[in-house]
Amino acid sequence: MAMTEAQRDALRKFRAAQDAAGGVISRKLSADDAIRCRDIFRAWTPDDYTRKIGEVRVFGGSPYRVFVGHDSTANPGWTPTAAPALWTPFHGTSIETALPWREPTGAHDIYKTGEMMVWTDGKVMRAMTNTEFGPDAYPLAWAQAEAAPPSADYPAWKPWDGYNEHLYRVGDRVTHAGPAWESAADNNFWEPGVYGWVVVEEG
């Protein structure tokens, strides 16, 4: 049975409300939580032509935020993967929330320090610096992620005492102010949460 115009209008209003709510929710959620809760967002469909900045769609099992508002009436194939300049993917920061590698196309979708992805060989990789390149082109920017032991096994962070041997190195893990942190830099004397550290386990 064909939909009536009133039913179409009601559906449009429902979708608009759903998109607005999804955009608000996604801005309040961390990327990890947005990935875990991706089912609350609307799936990308070719007949969903008008998309506003901040709205979220799920495509291929991964959530994407609209980076550039667009009307795809004349280009129904503008999926998040076919038109990546229009979309920003969510990048997880844990092994659980790591999503398949997507090659960045600009500053809006680069991988930032601490973010993770599943490389083409199935290994979960962690970005050790902001990068637009994959491990094949820039191997120093990535390290294979490993499951973290319980945070109770990590020592508490200590302020630097001036001795070089007590500086933190890349991969060192500590607890501080609740979360467990991993150093993303060598010769690191910064306090976690200020610079040079990424959260590996919430407190």
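User: Is Asp 48 buried or exposed?
Analyst: Asp 48 counts as buried, because its relative accessibility is 6%. Keep in mind that this is a predicted model.

User: Which side chain does Asp 48 meet in a salt bridge?
Analyst: That would be Arg 51, with 3.7 Å from N to O.

User: And Arg 51, buried or exposed?
Analyst: Buried, with a relative accessible area of 1%.

User: How many salt bridges does the structure hold?
Analyst: There are eight in the structure. Take Arg 173 and Glu 182, whose closest N and O atoms are 2.7 Å apart. Arg 173 counts as buried at 16% relative accessibility, and Glu 182 is buried too, at 7%.

User: Which residues do salt bridges with shared partners join into one network?
Analyst: Arg 42, Asp 48, Arg 51, Glu 55 and Arg 57.

User: Which pair links distant parts of the chain?
Analyst: Look at Glu 96 and Arg 36, a salt bridge with its closest N and O atoms 3.2 Å apart. The two residues are 60 apart: Glu 96 sits in the loop between strand S6 (87–89) and S7, while Arg 36 belongs to helix H2 (residues 31–36).

User: How exposed are they?
Analyst: Glu 96 counts as exposed at 59% relative accessibility. Arg 36 is partly exposed, with a relative accessible area of 41%.

User: OK, let's zoom out. How many helices and strands does the protein chain have?
Analyst: It has two helices and 13 strands. The chain runs to 203 residues, and 38% of them count as buried. Its accessible surface comes to about 11500 Å², with 57% of that belonging to carbon and sulfur atoms.

User: Which strands form an open sheet?
Analyst: Four strands do, in the order S7-S8-S9-S10, and the pairing is mixed. At the edges you'll find strand S7 (99–100) and strand S10 (142–144), each pairing on one side only.

User: How many bridges join S8 to S9?
Analyst: Three, between residues 116–118 of S8 and residues 124–127 of S9, and these two strands run antiparallel.

User: What about the inside? Which residues make up the largest nonpolar core?
Analyst: Eight residues: Trp 101, Tyr 111, Met 117, Trp 119, Met 125, Ala 127, Ala 141 and Trp 142. Leaving aside residues up to four places away in sequence, Trp 119 touches Trp 101, Met 125, Gly 134, Pro 135 and Asp 136. Apart from that core lies another one of seven residues, including Phe 41, Val 56, Phe 90 and Leu 99.

User: Now Asp 109. Where is its place?
Analyst: Asp 109 is in the loop between S7 and S8.

User: Buried or exposed, and why?
Analyst: Asp 109 counts as buried because its relative accessibility is 4%, and the cut-off for buried is under 20%.

User: What does Asp 109 touch, then?
Analyst: Pro 84, Pro 89, His 91, Glu 103 and Pro 104, not counting residues up to four places away in sequence. There's also a distance to Ala 85 you can check: Asp 109 and Ala 85 are 24 residues apart in sequence and 8.6 Å apart in space, C-alpha to C-alpha.

User: Switching to the surface. Which residues form a nonpolar patch there?
Analyst: Trp 160, Phe 189, Trp 190, Val 194 and Tyr 195, together showing about 540 Å² of accessible area. Phe 189 lies in the loop between strand S12 (180–183) and strand S13 (197–201). On its own, Phe 189 is partly exposed, with a relative accessible area of 41%.

User: Where does Ala 177 lie?
Analyst: Ala 177 lies in the loop between strand S11 (173–175) and S12. At 73% relative accessibility, Ala 177 counts as exposed.

User: And where does Asn 187 lie?
Analyst: In the loop between S12 and S13. Asn 187 is partly exposed, with a relative accessible area of 44%.

How values were computed. Residues are numbered from 1 along each chain as its sequence is written. This is a predicted model: local features need pLDDT of at least 70, side-chain atom pairs count only at pLDDT 80 or more; totals for chains, interfaces and linings use all residues. Side-chain values use heavy atoms; hydrogens and water are left out. A nonpolar core is a set of buried Ala, Val, Leu, Ile, Met, Phe, Trp, Tyr and Cys residues joined through side-chain atoms within 4.5 Å. Buried means under 20% relative accessible area, exposed over 50%, partly exposed in between (1.4 Å probe, protein chains only). Contact means heavy atoms within 4.5 Å. Accessible areas come from the Shrake-Rupley method with a 1.4 Å probe; for residues, only the protein chains shown count as cover. Two strands pair if DSSP finds at least two bridges between them. Patches are made of residues with over 30% relative accessible area and no salt bridge: like charges are joined within 9 Å, nonpolar side chains (Val, Leu, Ile, Met, Phe, Trp, Tyr) within 5 Å. A salt bridge is a side-chain nitrogen of Lys or Arg within 4 Å of a carboxyl oxygen of Asp or Glu.
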